[in-house]
Structures are given as C-alpha cells and as structure tokens.
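Thank you all for coming; I would like to walk through one model with you this morning. Please have the picture open while I talk.

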Amino acid sequence: MSRRKTERLLNLVICLLATRRPLSADHIRQAVPGYDAENDEAFQRMFERDKNELREIGIPIEVHKDPWEEDPGYRIVRQSYELPEITLEPDEAAVVGLAAQVWQRASLAEAAGKALLKLRAGGVETEEAGGVLGGALELRLDTQDPAFPALWEAVRDRRAVRFPYRAASSQTVLTRTVEPWGVVSRRGRWYMVGHDRDRDDARVFRLSRITGPVTPIGRPGDVVVPEGVDLKSMVGYSDALTVRERTALIRVREGTCQGLRQVAKQVRPASGGWDELEIDFNDPERLAGWVVGFAADAEVVGPPDARDAVICRLKGALA
Amino acid sequence: MSTADRLPRLLALVPYLMSHPGAQVPEVAKVFGLTEKQLIDDLQLVWMCGLPGHTPGDLIDVSWDGGEIIIDNADTIARPLRLAVDEASALLVALRMLAELPEFGDRDALSRVIAKLERAAGEAAAVVSSQVAVEVDAAPDALPTVNEALRRRRRLSLRYYVPGRDEVTPREVDPMRLVMVDGRSYLSGWCYRAEAVRLFRLDRMLTVDVLDVPADPPAGAEPGEVTPGVFRPSPSDELVELELTPAGRWVAEYYPCEEVTELGEGRLRVALRARDQGWLVRLALRLGDTGRVLSPASLAASVREAAASALKLYESV
C-alpha cells in the first residue's frame, strides 16, 4: 500500500466517522483528498476498492439507500466501529499478557498480537506475563498443520469444506466434504470435528492426514453446529477413560525394563535372574507393541492373545 | 511488517498516543514493533490527515519534540477499532485453555477477563472461540512440587525416566521455567548431571523433591528453545531408512522424518535420524511386519538378532 493510498484511506475513515448523515460518493470525492476529480470511472473503481479494503480490516461501512435519493449514502457508525470501553485489573491484565503469548509462532500469533495492540491502544495496560508464577510460566500452542488456517476460517465463517484425506493406515486418499463444527488440540495434534456429508454422520479428522488444500464450499453461515455438542469428548481416545480390565503376567530380566516396572501394579522376584510383573491392559496389540521393544528382556507369559501378539510382531520383524 | 498493515496500525497508534500522552518515541516504537524511523514516518503521515476541509484546524496535530509524543485534534479516531473475530478468538481460545490448567492460580481473574473480552468482542467471537478447544493433560503428580520450587527458587531432586534408553536416572535440577506446550507440561532447568539446560516432562518424573538449596543456574544459562515432539536428532546421527505398510504409516506422523516418499498402495519410505540405536531397534520390533529397515544394514541385522533372541523365550515353553 503506497503512502498516498494510506493517507487517502485514513482520511476516508475520519470523514465517514465524523459525519452524522450518510454521504454520497460524490460528496466523499470532494471531501477526501486523493480521488480523481476528472475521470468518473476511475473514481468509481478506486472508491469501490477503498471500501472493500476498509471492510477487510474490519471497518463496518453502512450503506443507506434513501428512496428519494438516486445515489446511496455511506457512513461509519461510531458504536459499531469503536472498541467498547474495557478496563482490566492488574491480575486480569497479567493473564491476558500470558494468553497473547500462547500462539507465539503459530498461525494465530498475528491475530493475538493485533488484539493486544488494540487493547493497549484503548488504554488497557497489559503485562508481559510477568505476573504469573514470576514470569516462569510459558504456554505454547503449535499449529504446524498446513490445513489449520483454512479450517479455522471455515469454523469462523460456518462454511463447509472439501479436502483430500487419508484415513489412518488406509491405502487411498479420498475427497471428503465436511461441515466443520470445531477444531480440537489433543496431545500436540489437531483434529477437526464435523458432519461428513458423504457418510451423513459425525466424524473426526486428523489435520496431519489432510493431504492437500482445504477448499471452502457453499455460503458462509451454512453450517449449523448442533447444540450441546462436546468436541473434546468426540476426539478423546477411549483409553484415558475406560478401565483397564485385564491383567498380563510379564517376566522381565533383573535390572531391565524400567518403563514396564513403573506401570506394574505388582513386581515380584522370580527365579533365575528374572522378575515377574503384573500389568493392567485393555488392548493386547497396544500392550504387545510396547513389550516387544524390550526384546529378550521381557516375555509375556499370558494371557494367550497378548502373548501371541508379541510372537507375531517378533516373527514379522524377523521376516 | 508489510505496508498493507499500515492503516490498521495507524488506527491503533493514534488512540495509543491519545491514551498515553507524552509517551516516548523509543517506548512506542517497541510496543508497535517498529524502528524509531518507521514510527516517525507514521507520525508524519498522521499529521497530514484529518477532517474534511483539511485546514490546519481540521488536521491532526502531532509533535515529537525531544522524543516526547503529543497528539491532539484526533477525536474522531480516539478509540481503537473493535476486535475482529479472529483477534478476539485467538485470545479467548488461549484464555479458555488457561482456565483448564490444573493449578493455575488465578481462575477468578480468568473468568472475569473472559467475560469482559466476550462483551467487548461480541457474540461471534464468543461462539467461534468455544469451537476451538485445547485438551489439557491431567495434572502430573509432579506439578505442585515443581511449582513450589519455581516460586521459592529452590533446587529439585528427581528420578527421571528416559524411555528412549529405558533408564531411570537421578538428577539435580535448578528449575528455570515451566513450559506447557500443546497441553503437556515440561520443566526447563539446569541439569547438574548433563551440565546443561535440559527439558524434563513432568509426567516422567518418578519422584520429585524440593531441596533446601537455592536454585543457582550458571549465569547466562538460557531456558532454551522448546522443541516438543520427543527428541531432537542432530545431523551427525546416522540416517535410517524404513519402509512402512499402511498400518505402519503412523511413524511418519509421530516422528520427524527428513524424507517421506509414497511408494503406492499406501506404503511409505521414510528417512529419519535418531540419536539412539536402541530406540531404533525398539521401533522396528514394534512395527513387526508393518515396517522394515532398508538401511543401514547393521541396524537391520541388530533388529533380526533382537527378534531371534526374543523368540527363543517363547519357543522354550
């Protein structure tokens, strides 16, 4: 944006804010320096572009169509333009400072920074997170998935999206069409929850498995998020919630398998330089995937399905 | 900062100067992330603008004599523009995450701030920000003790589990910072065993005690860059190539791979570096028939050897 253009736009904002009655384009052309006085068409084009640019940065321009006037009138209503009065107590200011840091290098860092600047400009004294735990607390969210910005916009605009997606351990990439309800970060990974139109059901998608561009489809505002939907519980694994109902008996060599020992509910010495552990589990494959890593230092004695799962992996690794 | 951001910046700069009369050039430049020269340039531009008519009485009046900025006649744009949905939501999502953190002291301040921001930003931001959620891991048992050590600036003694090497080691650590990345807590501190700044996951501290010794990290020790995602391989570690079936693709999602090549039918070839040979053998065993070591040959041999000796345990019964 050139300096002259910035100047013109700033003058335009001031002009539209200062007026009580809506101003016609012609009036604005006289009042704001920098518009073409000679060429009507050039002026119209420039004025259209200027209005769009102001709207893009969030400035609400009202358009009035008076039945007695040929041309529409424009103005900016102060109440819809201005940040309402807001004051923060020192403890409140400290948490806002901390919150603004959270996105540091993530895709919302810029938005958070701008918000902080506007609050400060409005006279709110925000702190640099100094107030919380003496500045020794740092919080971060990362959004490295390329799909994040587009999905954030889709959620914001309530707009359906289409994207190529590879389901977990699937061979093929399929195009999915989804009405997004929200995005959730869980253990460092982002998920999108929404209504999958082709499957006509609610689905969860992992952002890292979106293999190409996310394209918005349909109109903004089309998506209706069902009332009372609990995004986090839709993404949550069952493992955190379900009780580990089964118990495995595992033999481990003395002095090895620290990781297994930490979660064992019982450790007892056995003969010949071995100890016996009892470990609760749910899924024999998950248990096997973990125990097999200890190779010849650990042996699943039972139950049989867990034992077989380990043997199967060992044979697979040998093949 | 790109020039397209200039207008929004000016619309924040003017109210900032109105609400901070007499602010100094260096201080304002810092707040807005500008050089002093860029700030002066902004002030010069503002000075050319004002109400229609543009007589001297209509124009905004700015001076920065002696570095002290005084602005006048800018009442029309004395308040900042309201928060955009994105801007308010970015803060609200983070605040809601804070509210979920166990042990976060100031819950009361949080709910007041959230209410104030929602009021200032309007309904749209309130709705959007509740559609972006961050799940926070349950509070690790170590958290209260680590917090106490940070508050009192005391040294910690811990038994720490390193899964990569399947080791439990005793450590003395001078805590420097509590870092929560993506809902998971880490302590950054000076580790006397490593004689360097190290990052410790709180859920891997098997025991933790506050020592009656003041924390005294060496001068110049920086809390350092937190790279989440387990391990930071160095370029000197050997490059390992794996071939994965569709059921083994999770490896590419969990670990930083330098190269990922689609081989068709959902199979992948990945290249990654890891500091620890033992970790690689464990990964290969875990993969079973869903992954195979392509190179180096020595690693492939270690994996076969480990699998063969483990299988003997099962054959003997």
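This is a predicted model: local features need pLDDT of at least 70, side-chain atom pairs count only at pLDDT 80 or more; totals for chains, interfaces and linings use all residues.

Residues are numbered from 1 along each chain as its sequence is written, and chains are lettered from A and ligands numbered from 1 in the order in which they are written.

Chain A contains 11 helices and 13 strands, where helices (H or I, at least four residues) and strands (E, at least two) are DSSP runs, numbered from the N terminus. Its C-alpha atoms occupy a box of roughly 100 × 50 × 35 Å along the principal axes. The radius of gyration of chain A is 30 Å, whereas a compact globule of 319 residues would be near 20 Å; the radius is taken over C-alpha atoms, and the globule rule is 2.2 Å times the number of residues to the power 0.38. Of the 319 residues of chain A, 37% count as buried, a residue being buried if 20 or more other C-beta atoms lie within 10 Å of its own, exposed if 12 or fewer, and partly exposed in between, with C-beta atoms placed from the backbone.

How is chain A divided into domains? The assignment gives domain 1 (3-81), domain 2 (90-135), domain 3 (148-235) and domain 4 (246-318), with bounds that come from an automatic or database domain assignment. The centres of domain 2 and domain 3 of chain A, taken over C-alpha atoms, are 29 Å apart.

In chain A, β1, β3 and β2 form, in that order, an open sheet of three strands with antiparallel pairing; two strands pair if DSSP finds at least two bridges between them. Strands β1 (23-24) and β2 (62-64) of chain A are at the edges with a single partner strand each, so one side of each has no neighbour in the sheet. Three bridges connect β2(A) to β3 (residues 73-75) of chain A, and A:H64 is found opposite A:G73 in β3(A).

Further along, an unreviewed UniProt entry annotates residues 247-318 of chain A as "domain: WCX"; UniProt positions are given in the numbering used here, feature names are shortened, and annotations may be inferred rather than shown by experiment. That span is 40% helix and 33% strand. Strands β11 (residues 266-269) and β12 (residues 274-281) of chain A run antiparallel and are joined by four bridges, with A:P269 partnering A:D275. Four residues lie between β11(A) and β12(A) in this hairpin, and A:G272 in the turn has a positive phi of about 65°.

Finally, the contact between the chains takes 89 residues from chain A and 92 residues from chain B, two residues being in contact if their C-beta atoms, placed from the backbone, lie within 7 Å. Helix α1 (residues 3-18) of chain A supplies the largest share of the chain A side, 11 residues. The two chains also share strand pairing: β4 (residues 137-140) of chain A runs parallel to β6 (residues 167-181) of chain B, through four bridges, and A:E138 stands opposite B:V179 there.
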